[in-house]
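Here is a briefing on one protein model.

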Amino acid sequence: MSDKESPPSYVCNMQLNVDPLEKPRVRAICGPAYEQQSSESDPQEECCVDVENVTVKFYLSKTKIVAQVYPNCMTMAEVKQDISRKFEVDPSVILLKQNNRLLCDNTPIHSTNIDEFGIHEFQLELNVPQGDNTKLSLNVYYDKHRLPDYLTVHISGEDTKDGQPKNVVVEIENAAIVKPFLCGYKDKHSRKEYLDAFTQTGPYLDKGKYRLYRSRDTQTWEQKEKTLNTAHEQSVQCVLDGINVRYMSTANDYIIVPGKYQTYAQKERAERKLEKILLIQRNWRRWILWKYIHMRAKEFRSLVKNREEEEQQYEQCVEKRVERTEQIKQFPRTNDDFDMLFAEISRWKRAELKRITAHFEGPARISEVNILLDREIQLLNGVERQRRLVSMAMEDFRKDQLLKELGKPIEWIGYKDCKIHLDLLRTQRVRFLTEVYKDLRQTVEKDKRLELLSRVMELLLDEACFPNFPELFDLFDREKNLLIYAKSCDVEILRKRQNILFFELIKFQKRAQQKNVPSRMCIVCKKVKPYAQFAIRTRQSHVDTCKHCYYLKLVATENTVYQSILRCIQRDERKRKCTTSFAFVMQQDDVRHMLDKIWHGHSALSKSETLSELRLPRWNKSDDWSPWNCVCLTERETRDHYKIDNMEKVYDPKFILYVGNCHMLARNLFHTLAAVATEFQETGQWWKVGMNKQRTSNLNAV
C-alpha cells in the first residue's frame, strides 16, 4: 500500500494471507494483548503500564466519528499533532475533551477512561476566532490521505489459551490493485501531474467447468503409471478346492470397444444440451398453456359481455312491452285492445270468486256474488261504451284512408328497378269525387251551399248507372228546395244520408256482372254468406260458422299475445329459410289452442304462466317447425335451448318423455294440417310468404 502513510515505528503490522481477488482485506495491528483493566486497580500498579496499541474514537458530532490506533503511552499533544496533519488544520486550535472535560496536552492516553471494549472516546472540537472558516472536513480526512479504518475485536476468555478476555485492534486494509507506472506528463502552469493508467481483467472463469468436478489431478502433483495387464498372454488356472480346477466359460464374455474420445468439457456440454432442450420444451409448453388460458379468458369475457347485452336488451323489451300494454289499457283503439280489457275483467272476476268462496258461505256468499255481478256489468258496459265511441271516431278516418287507396295510381317495378305509375280514369274519377265529398261534409253559408248543390246535381247526371242514383238526386233536390223556400229547417239528417250515398257512389265501379259467388248458410245466425266471410281453421273438418258468430263464441282473451307468439315463430322460420314450414299455415286460434290444451298455459321447464313471456321454439333444431316439433318455453329459456347441441345430455329423461307425449297429442289434434300444408305448397302460394313489401326501388332513378 504505497499511497498510505505507515503507522508509527513502534506499531507492528501483521498482514493476513488472503486471496488478492477477494474484497478488502483485514490485518491485525499486533502488539501485546490488551487486557481489560478494572477501574478499582491499585494506584501503585498504574505507574507501570505495558505499551500496547489501543483504539481511539474521535467524535466530531453525534453522527460523524473517526477511529485511529495509537500506543497507550502517547500524550494528547502528540495525538493533536497527528490529527491536525490528517485534517490539515493548525494543532493549536484543536481541543480534545472527554465527558465534556478538557484534556491537558501532557495527559497520556492510558490515563483516560475506556468503555467496556477498551476503546478511548474523545470529543474533537476547534477553538477558532469568529469569522475564521477553519473546520474539520471528513472529505479531507478520507479523500486526500486514504486512511484505513480500525476496529477493536473483543475475544472472550473461552477462546483464549490463558482464559483471559482480550481486545485485538484490527485494521481494514484496502486491497486495491497497484497499477504500474507507464508514462505521463506534468503541467507547467498548474504543476499537476497526469499519469497514463491501464486496467485488465483476468481470464473468463467458467463456473460450470468446476461444478461437481472431482479428479485425482487436483490432489497430486505428479502422475504415476502402473502396469495392470500381463506382459504377454498366458493361461491361468483357478483352483476351486485344491483338487478341482474352476472352469470359466467364455459364452458370456463380451468385448468392449472404446469409442471416440470425449473430454470432460465435451461431456458436460452434451449433458447441458439435454437440459437446454428440456428447458425449451418446458417453456414452449408453458407458452402454449398461457396462450390457451388467455384465449379461453377472452372467450369467457366475450360470452359474459354478450350475455349482459342480451339481458339488457331483454329488460328493455320487457319495459317497452309493459309501457305499450299500459298505454293500450288507457287508450284502446282496436278490437284486440278491447279484447285485452275484457280479458282483464274476466281475470278480475275469477280472482273475486275465489276470494268470496274462501271467506263467505250461505246468504252472505249469494249477496257478494250479486254485488260482483253488478260490478262486472258496469265494467263491461263502460268498456263497450268506450268501444262504440272509438269506433265512431275512427269511422271518418277509415273512410278517408279507403278513398285515398282507391284514388292511388297503380304502381309496379319495371326495368332496372324503376317504379312505374299508371293513373287510370277510374282513379282520376275517385280523386275528383273525393274532393267533392270533402266539400259536402263541410259547413258553409247558405249561398255557397246552393252553388255546391247545383254543381253536384250536374255531376250526378254523368253517374246515372249508379243503382241509388234516383234516391241520391232526390235528396240533393229536396235540400235545395228547403234552403230556397224555407226560412228555417234542420237538414242534418238529410245531409248524413247524402254523405252515405255519395260515399257509395265513389266506391261504385262499372264492371261486368259477376257470376254467382259460392255461398253457404251459417248454422248460428242462419244467414247465407259467401265463403270469404266464414272462419277457416286448420283443425276443422267442414265450414259451418261465419266469422262474426265465431268471434262471439270465443272467450275474451289477449289476442295480441298469441299474435306475437305466432309472429315470432314465423320470423324465426324466415331466418332459417324454411318458407314451407307449418308455421305459415297456423292461425292465432291454433296457437291459443296449443298453449291452453297441450301445454296447459305454462312453460314446460319453469312452469311460468306469464303469457307475454311464453314462446314456442323448435324442439329439434334440424327439423322444420310443426305442432309436434315445438316446446313451450319462456323467452330466456328459448335462447338457451337453441344453444344446446345434444338434448339428451342436458335434459332429464322424464322431461324428454313428457315433451314426446305432448307431441303425440299435438299430432292427433292437427292431423288435417298436413293435407292443408300439401295443398298450400302444390298451389304455388308458398313462395309469396314473407315477400310482401320487401322489395325496394330507387325512386331517384325514375
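Two strands pair if DSSP finds at least two bridges between them. Strands (E, at least two residues) and helices (H or I, at least four) are DSSP runs, numbered from the N terminus. The model is predicted: local features need pLDDT of at least 70, side-chain atom pairs count only at pLDDT 80 or more, and totals for chains, interfaces and linings use all residues. Residues are numbered from 1 along each chain as its sequence is written, and side-chain values use heavy atoms, with hydrogens and water left out.

**Confidence**

- The protein has an average pLDDT (the predictor's confidence in each residue, from 0 to 100) of 78. A score of at least 70 is reached by 77% of the residues.
- Confidence is lowest in strand E1 (residues 12-14), with a mean of 33. The highest value, 92, belongs to strand E19 (residues 633-634).
- Residues 1-47 have pLDDT below 50. Beyond near neighbours in sequence, this stretch makes 66 contacts (heavy atoms within 4.5 Å) in the model.
- Residues 689-702 also stay under 50. For them the model has 15 contacts beyond four places in sequence.

**The five-stranded sheet**

- The order is E4-E3-E7-E5-E6, in an open sheet with mixed pairing.
- Strands E4 (65-71) and E6 (101-102) are the edges, each pairing on one side only.
- E3 and E4 are antiparallel and share seven bridges. They form a hairpin, with five residues between them. Lys57 has Ala67 in E4 as its bridge partner.
- E3 and E7 are parallel, with four bridges. Here Phe58 has Phe122 in E7 as its bridge partner.
- E5 (residues 94-98) runs antiparallel to E7 (residues 120-126), and four bridges join the two. Leu96 stands opposite Leu124 in E7.
- Strand E3 (residues 53-59) is mostly covered, with five of its seven residues buried. Buried means under 20% relative accessible area, exposed over 50%, and partly exposed in between (1.4 Å probe, protein chains only).
- In a regular strand the side chains alternate between the two faces of the sheet.

**Helix H1**

- Ala77 lies in helix H1 (residues 76-87). Its relative accessible area is 32%, so Ala77 is partly exposed.
- Ala77 and Leu103 are 26 residues apart along the chain. Their C-alpha atoms are separated by 9.8 Å.

**Helix H5**

- H5 covers residues 363-406, which is 44 residues. At 1.5 Å a residue, the helix should span 64 Å. That expected span is 1.5 Å times one less than the number of residues. The end C-alpha atoms are 62 Å apart, which agrees.
- H5 bends by about 35 degrees at Met394. The bend is the angle between axes fitted to the seven residues ending there and the seven starting there.
- The buried residues of H5 are Leu372, Glu376, Val383, Arg387, Val390, Lys399 and Leu403.
- An α-helix has 3.6 residues a turn, so residues three or four places apart point the same way.

**Cysteines**

- The whole structure contains zero disulfides (pairs of cysteine sulfur atoms within 2.5 Å).
- Cys522 is in no disulfide. The nearest cysteine sulfur is that of Cys546, 3.6 Å away.
- Cys522 counts as buried because its relative accessibility is 0%.
- Cys104 counts as partly exposed because its relative accessibility is 48%.
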